[in-house]
Amino acid sequence: MAVTTAAPAASDEKELLISGSEAVAEALALADIDVVTAYPIRPYDTVMQAIAKKIANGQLVAEYIVAEGEHSQFEIVKHASTVGARVFCGSSGVGWAYAMECLVVTPPLRVPMLALVGNRALDDPGAFGVEHNDALFVRDLGWMLCWIDSSQEALDTTLIGYRVAEDRRVFLPLALSADGAFLTHSQALTLVPPREKVDRFLPRYDRGDLLLHPDNPITVAPQANEDWVIEIRRQNDEAMKRAYGVIEEAYADFRRVFGRGPENPWFEEYMTDDAEVILVGMGTISLPIKVGIRNMRARGKKVGLVRLRWFRPFPTERLVAALSGARAIGVIDRDYSFGSPFASGVVANEVRAAMYNAERRPPLLSFISGLGGREVTLEDVDKAADMCFAAAASGKSDTKTHWLGVRE
Amino acid sequence: MAALIVEVVYRGIFQKNLAARIARGIVLSARKSGRWGIAFGRYGDSPQRNGIPAKDFAIVADTKEELEQNMARYEPKHTDVTIVLDDTLGKGVESWAWYGLQPINKLTVAGGTVLMTSLRSFDDLLKDIHKKDEPYTLALIRAKASFSGLWVYREDHTEVRMLGALARVAPQFLTLDGVCEAIREMEWGSDLKVASARKAFDRLETRPVRITEGNPEVPYSFEMPKWWEMREGVTIPAIPVGKPKEAGKGYVPERNPYFKKYTTRTMRPVIDFDTCVKCNLCWISCPDSCFDVMPDGTFDANMEACCGCGVCEAVCPVEHCITMVNESAFDDNASQWEAWRRDKGAYKTWLVDTIGNKKVTVRSHGFRFRGQYEEELKQDLDAGGVEITAGIPGENAAHKTL
Ligand code: SF4
Ligand code: SF4
């Protein structure tokens with residue numbers, strides 16, 4: 001197997017050894033955010049610290065407001081955004097849950113906030129490790145949701161995120177999900193672009209006719225009953241639909257300006273071209289799966305990975321095109337949805353729904369793994385792939401959801 | 001195979017328990033002749049605010065299928081009977097602020113009935129009630145509007161009188177015996193109430209209304225915007241800054257062009273511009289910013305905006321300078337200041353007459369002194385029911401005394 005060596009930093013980019021959280025903070029300084037709110041919860045607190053340091057070092061001038069809880073934290077940035085500030089906020093696990101009332105109103109008010117969710121298991125039991133259920137709370141509400149799996153992607157997607165969210169055609173909040181510990185606390189070599197390039201890519205936030213300002217007197221969020229609500233929801237629906245095109249545009253422009261970044265914004269495809277079995281997952285689970293795939297390929301088993309980045313808006317058509325050629329699909333969820341169809345995880349059910357109208361529907365298997373931050377082992381990946389090969393041979397989907405790595 | 005659809009139009013908060021009891025009583029009465037029924041309120045936030053016109057509905061039908069047929073709509077499109085619990089609602093309904101003004105008889109079918117409590121004459125009421133393209137019947141129970149509060153219920157027999165009257169209007173669905181039996185069995189049952197229902201049945205006054213009769217005004221309406229015409233982000237433009245009243249003097253603020261409060265109030269302020277000391281208190285205190293500043297520094301309450309809360313009357317430091325007067329005394333929403341400017345003498349005469357008339361200045365809700373309820377109850381029963389001998393009816397009758 002070919003050995004890949006790291007490319008040296010491009011002449012105008014700095015190479016730093018930073019964590020996913022620090023990479024986000026680098027991007028926030030480059031994006032010159034105006035208001036950031038903070039309330040500590042692990043692993044989100046790592047971002048707070050990194051931003052505080054940037055401000056203390058004079059690398060970023062921004063209002064840094066320590067709120068008395070997550071609820072206020074999100075309220076403050078929501079209001080700051082309506083008066084035209086570029087804002088950042090975030091949380092983890094039950095902290096994110098505590099902010100729910102504010103999270104719910106952010107999309108209908110068309111506030112393009114960027115939030116980092118350092119994914120964390122929901123209490124109880126009190127646990128720090130990663131699960132995706134926290135960010136998924138808002139999956140139906142008009143939040144855009146994106147999962148990243150490296151420090152580089154954290155930095156790049158923060159810049160792309162502002163560009164997409166603040167586009168007048170969209171004006172929706174984006175929650176960027178970073179797996180607790182695996183990404184928030186792991187330092188990796190990351191390219192940091194110069195400010196001039198970022199300025200060419202990311203225009204100023206212009207709230208236009210929705211700006212709350214004495215020169216543009218408006219009332220935001222009046223009481224409205226059933227004679228208005230469905231129209232407001234329909235507006236949200238349209239904004240989310242428009243986000244598809246805006247995301248494609250933003251990634252194309254990112255590649256043009258920075259000379260890197262993926263062709264396909266929606267998901268990463270790893271060795272899928274000739275794959276008989278395709279595994280699907282989100283976040284840092286990609287690492288053990290990729291290594292597992294390489295090992296399996298060495299044994300002649302053609303396995304590939306689709307790592308989903310964008311969960312909302314969901315890349316239905318492209319995903320169907322990428323998956324329907326496989327002989328079997330295995331979705332590995334780092335989340336749960338108790339009592340859902342086939343007792344599957346959230347991603348598996350979404351993929352199933354997306355595949356419903358596909359002309360070719362390979363057997364689909366659903367796995368739950370890595371909850372609470374437990375390691376997804378190479379053996380787990382092997383086991384999942386083997387079950388998929390068996391399903392491919394029989395041509396039948398398995399209606400049972402398999403829990404990997406659970407003591408039994 | 002038939003169904004009876006009834007709407008009960010009431011004043012939010014003050015009559016919500018009353019309306020619900022009537023709707024419930026209709027269904028339970030019809031059940032006595034083996035019919036199916038449902039009683040429901042049209043849910044919303046704004047209706048449950050003081051005095052805002054709101055609706056309850058009762059549907060009874062011969063079969064369950066027929067009932068469902070009529071229940072499949074959020075709100076019936078047509079009603080056989082429109083029950084109106086306050087005669088100032090004759091001016092119409094602006095229930096949820098955004099529909100414009102709905103004439104009180106809008107849903108009433110051709111040949112249907114508008115059934116009202118009122119002490120006013122038919123002709124007087126028809127000055128308020130909009131003209132309708134189809135003939136219908138106006139039916140009156142002689143009583144004043146029964147108002148109470150959010151947590152209390154006024155036991156003045158209005159609910160059973162309505163049921164007795166309805167048995168007269170729609171005998172094929174509610175028999176008087178059925179109504180009486182239901183009243184007796186229900187939580188508020190008493191022979192006294194049964195007697196009130198029978199009296200209302202006997203004493204109901206009716207009058208056919210021709211298509212030529214009624215208020216000829218075209219009710220205020222407007223078009224709801226499409227989803228793509230609405231501003232995004234749940235935002236609405238602020239009300240622009242206002243203008244001087246005339247010749248650079250005074251100040252008239254701009255107001256929400258869609259939400260008029262013509263029918264929200266049961267009373268409105270009458271202002272004596274001669275005695276006003278221009279202290280500003282009414283202008284500052286009005287919760288709905290109703291007061292236009294006149295060139296002479298007095299304040300004119302704009303009837304497009306007034307909800308009739310009475311705060312201005314309470315804060316005005318000059319005796320009889322602001323007096324709340326029942327809506328029944330007015331046929332339009334014209335400016336009082338303009339009338340005063342035109343003819344000060346005539347205005348004064350009108351003002352003295354109006355605020356001196358006890359009939360229109362008595363409060364339609366709230367109690368002013370201890371024992372008022374008992375006193376009014378006795379009066380009401382003397383007018384329409386039977387002598388009170390057995391104490392006040394109700395579940396806790398034993399604990400109550402006159
Ligand atoms: S009654 Fe007086 S205070 Fe109340 S809304 Fe009308 S004008 Fe304003
Ligand atoms: S409160 Fe009375 S006296 Fe004062 S300005 Fe108003 S109407 Fe005149």
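Between chain B and chain A, 10 residue pairs are in polar contact, both partners at pLDDT 80 or more. Keep in mind that this is a predicted model. On the side of chain B that touches chain A, the residues split into 13 nonpolar, 3 polar and 5 charged.

The two chains also share 3 salt bridges. In one of them, Arg168(A) pairs up with Glu232(B), and their closest N and O atoms sit 2.8 Å apart.

Now for the interface as a whole. The size of an interface is often given as the accessible area lost when the parts come together. Here chain B and chain A bury about 2,100 Å² between them, with 59% of it on carbon and sulfur atoms. On the chain B side, Trp227(B), Glu232(B) and Val234(B) lose the most area to chain A, together 36% of what that side buries. Counted by contacts, 21 residues of chain B meet 23 residues of chain A.

Strand E9 of chain A (residues 218-220) runs antiparallel to strand E8 of chain B (residues 235-237), and the two pair over 3 bridges. If you want a spot to look at, Val220(A) has Thr235(B) as its bridge partner in E8(B).

Finally, take a look at Arg120(B), which lies in the loop between strand E5 (108-117) and helix H3 (122-128) of chain B. Is Arg120(B) buried or exposed? With a relative accessible area of 10%, under the 20% cut-off, Arg120(B) counts as buried. Its side chain makes a polar contact with the side chain of Asp124(B), at 3.1 Å. Leaving aside neighbours within four places in sequence, Arg120(B) is in contact with Asp87(B), Leu125(B), Asp128(B), Leu140(B), Arg142(B) and Ser328(B).

Note on methods. Residues numbered from 1 in each chain as written. Chains lettered and ligands numbered in written order. Predicted model: local features only at pLDDT ≥ 70, side-chain atom pairs only at ≥ 80, totals over all residues. Heavy atoms only, no water. Contact = heavy atoms within 4.5 Å. Buried area = accessible area lost by both parts, 1.4 Å probe. Salt bridge = Lys/Arg side-chain N within 4 Å of Asp/Glu carboxyl O. Polar contact = N/O pair within 3.5 Å; in protein donor to acceptor, adjacent residues only side chain to side chain. Nonpolar A, V, L, I, M, F, W, Y, C, P; charged D, E, K, R; others polar. Pairing = 2+ DSSP bridges. Helix = DSSP H or I, 4+ residues; strand = E, 2+ residues; numbered from the N terminus. Buried < 20%, exposed > 50% of the residue type's maximum accessible area, 1.4 Å probe, protein only.
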